[in-house]
Amino acid sequence: AGGDAVAVIDRAVATADGRPVEVVANVGGPGDVDRAVERGSDGVGLFRSEFLFQGRERPPDEDEQYAAYREAAAAFPDGRVVVRTLDVGGDKPLPYLDAPEERDPFLGVRGVRRSLGPDADLFETQLRALCRAAADGDGDGDRDADSDGDRDSDVGDLAVMIPMVATVEELDAALARLDSVADDLADEGVAHAVPETGVMIETPSAAFVAGALAERVSFLSVGTNDLTQYVMAASRENAGVADLNHPTHPGVVRAVARTAEAGHDAGARVAMCGEAAGDPRLAPLLVGLGIDEFSAAPPSVPRVKAAIEDVDAAAAERLAERALAAETRAEVEAVLDGDG
Ligand code: PEP
Ligand code: MG
């Protein structure tokens, strides 16, 4: 059964042999949270906060952001909403930010590089809003509404995720900002909590230092859209290199495998939130590589859940071993199709 014929699966899913896998949604615009709920998502694995900043003349202030994050968390009382801090630059400019024209915007000042540089004030405002919204979560970070911490469980947990990280220093600086924002809120007597933290793995460097990154956060989330374009040196926007810009190339598969292994060794959860996570054909490979959480566009959530329930995790691990031995994209895809 393909596409929209797959019925919504409201329950949390596991592989056929019982390994729990979270299937959550990517949210990138108004209405996506509702669509995610309708499609049976367990939570939000990527809240692309850029959309709150687009199509307007000035950035949303702290209260407006607080309301947006709290509303998203309230839609998933038993789940988690992972808010990615502002990821502008590259393909995502904002007219009211004065950013110099760059010759290579995808290799320029984007994501966390802006947050630690020219957009430091915006970053601080966003972290304040997130810490305030996190105060309303139940604090247990899981789907079980009955195992609350002390806090109110009508609202799910929030997590904060840092995009476009290439170095440990960037992550340390971003986490230090989060701590200092929490200290400020404490000094001001404002209700807040420090949200769980994660880092996107979107650059080859991040994949190579994934272990060190994972030691500093609760989760990694592989952003295959950017990771693929950077591993393959093939733009995600250039049709002329579309064949190279594909997650089944062995270089990308190996980068994902490395990330998952290093993340798990450091005790971190390993998610995937790039488009690859929404492709049911890739589900056995990704489970086999160790992906614990799949975050996909809301319409894809039901078919990813259905695909996970069909996967046998032990068989998927053997499939992943074969895919990791493959030398070409064609060989990886032959493994996926059961001919390898
Ligand atoms: C990614 O790069 O895979 C990702 C999920 O982020 P975005 O598509 O928003 O760049
Ligand atoms: Mg990205």
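Predicted model: local features only at pLDDT ≥ 70, side-chain atom pairs only at ≥ 80, totals over all residues.
1. The shell around ligand 1 consists of Leu-46, Arg-48, Asp-87, Glu-202, Gly-223, Thr-224, Asn-225, Asp-226, Cys-273 and Gly-274. Two elements, strand 3 (44–48) and helix 9 (224–232), each give two or more residues to this shell. Helix 9 makes the biggest contribution, with 3 residues.

2. Sorted by class, the ligand 1 shell holds 4 charged, 4 polar and 2 nonpolar residues.

3. An unreviewed UniProt entry assigns the feature "binding site" to Arg-48, Arg-84, Asn-225, Asp-226 and Arg-236. Among the residues around ligand 1 are Arg-48, Asn-225 and Asp-226.

4. Arg-48 belongs to strand 3. Arg-48 counts as buried because 20 other C-beta atoms lie within 10 Å, and the cut-off for burial is 20 or more. Leaving out residues up to four places away in sequence, Arg-48 touches Asn-26, Val-27, Gly-28 and Arg-84.

5. Asn-225 is part of helix 9. With 17 other C-beta atoms within 10 Å, Asn-225 is partly exposed. Beyond its neighbours within four places in sequence, Asn-225 is in contact with Arg-236, Gly-274 and Glu-275.

6. The largest nonpolar core has 98 residues, of which Val-44, Tyr-69, Leu-130, Val-199, Leu-220 and Leu-286 touch the most other members. Helix 5 (residues 120–134) supplies the largest share of this core, 8 residues.

7. Which residues does Val-199 contact, leaving aside its neighbours within four places in sequence? They are Met-161, Ile-162, Val-165, Leu-171, Leu-213, Val-217 and Leu-220.

Technical notes
Residues numbered from 1 in each chain as written. Chains lettered and ligands numbered in written order. Near = placed C-beta within 6 Å. Helix = DSSP H or I, 4+ residues; strand = E, 2+ residues; numbered from the N terminus. Nonpolar A, V, L, I, M, F, W, Y, C, P; charged D, E, K, R; others polar. Core = buried A, V, L, I, M, F, W, Y, C linked by C-beta atoms within 7 Å. Buried ≥ 20, exposed ≤ 12 C-beta atoms within 10 Å, placed from the backbone. Contact = placed C-beta atoms within 7 Å. UniProt positions renumbered as here; feature names shortened; annotations may be inferred.
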